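Subject: Model for your review

Hello,

Here is the structure for you to look over. My notes follow below it.

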Amino acid sequence: HSSKPVTGDSSWKRMGNSAGAARYGAVFAVQNDGEHDSLYLIGGHDGRTAVTDSFRYPLRAKSREVSWSTLANPPRPILLAPAASVGQSHIIVFGSYPQDSIDQYGRSKDILAYHTITNTWTKMGETPLRVGQTSAASWKHSFVIAGGVGADGKTRSTVWKATPQRKDKDSFLPIDYIALFLYLGALVVMGFYFSGREHSTADF
């Protein structure tokens with residue numbers, strides 16, 4: 001095994017200050033916005049309360065004059081929650097921060113999904129684990145969450161794997177196939193009927 005030196009410009013570059021108030025515990029993720037990759041900053045805590053504002057910073061824009069833009073707020077504050085980018089346009093957040101909670105441990109079980117192209121939030125379901133202060137990773141069409149701090153404030157050493165399940169494995173039901181075949185059959189019958197009545201361009 002041999003190592004190779006890093007080539008090219010590998011130095012740090014200042015991107016400019018993030019929008020909104022200074023914060024900690026926010027979701028930080030990279031995902032495609034439909035044109036190029038962008039950096040997403042979601043939620044967090046400003047030192048006084050959990051916040052819901054979210055922002056996007058384009059990473060490979062052609063114009064050099066780029067800045068942070070404001071996004072749709074999540075349905076509730078997100079703080080110290082595991083999150084991962086999945087697919088081409090989603091950021092999945094496991095758990096959130098209830099409005100009436102007074103500390104970072106009283107988190108929700110909601111699994112929230114942010115769509116980077118439509119700029120919308122949806123609830124995908126619920127998670128049995130309520131952990132924070134850890135990360136989620138996308139792995140082989142699943143999500144892996146390792147460790148973290150539970151709702152009781154105790155550190156966890158468990159590794160969880162979550163695999164999304166489609167509720168509508170076959171959206172085409174038998175009645176749909178019957179309707180489709182009847183429709184195609186009607187088109188064939190109409191084709192034969194009208195082809196027998198046309199003998200010249202004038203008939204057409």
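**Overall layout**

The protein has 1 helix and 12 strands; both are DSSP runs numbered from the N terminus, with helices being H or I of at least four residues and strands E of at least two. From the N terminus on, the order is β-β-β-β-β-β-β-β-β-β-β-β-α.

This is a predicted model: local features need pLDDT of at least 70, side-chain atom pairs count only at pLDDT 80 or more, and totals for chains, interfaces and linings use all residues. Residues are numbered from 1 along each chain as its sequence is written, and side-chain values use heavy atoms, leaving out hydrogens and water.

Of the 204 residues in the protein, 32% are buried. Buried means under 20% relative accessible area, exposed over 50%, and partly exposed in between (1.4 Å probe, protein chains only). The accessible surface is about 14100 Å², with 55% belonging to carbon and sulfur atoms. Areas come from the Shrake-Rupley method with a 1.4 Å probe; for residues, only the protein chains shown count as cover.

**Cores**

The largest nonpolar core has 13 residues. Such a core is a set of buried Ala, Val, Leu, Ile, Met, Phe, Trp, Tyr and Cys residues joined through side-chain atoms within 4.5 Å. Val27, Ile42, Ile78, Ile91, Val93, Tyr114 and Trp121 touch the most other members. Strands E1 (27–32), E2 (37–42), E6 (90–94) and E7 (110–115) each supply at least two residues of this core. Apart from it lies another core, of 10 residues, including Ile92, Ala113, Ala136 and Phe143.

What does Ile42 touch, leaving aside neighbours within four places in sequence? Its contacts (heavy atoms within 4.5 Å) are Ala26, Val27, Asp53, Ser54, Pro74, Ile78, Ile91 and Trp121.

**Thr116**

Thr116 sits in the loop between E7 and strand E8 (120–126). Thr116 counts as buried because its relative accessibility is 7%. Its side chain reaches the backbone oxygen of Asn32 at 2.5 Å. Leaving aside neighbours within four places in sequence, Thr116 contacts Gln31, Asn32, Asp33, Tyr40, Ser89 and Ile91.

**Helix and surface patch**

Met190 lies in helix H1 (residues 174–197). Met190 is partly exposed, at 45% relative accessible area. Met190 is also one of the residues in a nonpolar surface patch of about 920 Å². Patch residues have over 30% relative accessible area and no salt bridge, with nonpolar side chains (Val, Leu, Ile, Met, Phe, Trp, Tyr) joined within 5 Å. A salt bridge is a side-chain nitrogen of Lys or Arg within 4 Å of a carboxyl oxygen of Asp or Glu.

Best regards

Technical notes. Patches are made of residues with over 30% relative accessible area and no salt bridge: like charges are joined within 9 Å, nonpolar side chains (Val, Leu, Ile, Met, Phe, Trp, Tyr) within 5 Å. A polar contact is a pair of N or O atoms within 3.5 Å; within protein, one must be able to donate a hydrogen and the other to accept it, and residues adjacent in sequence count only if both atoms are side-chain atoms.
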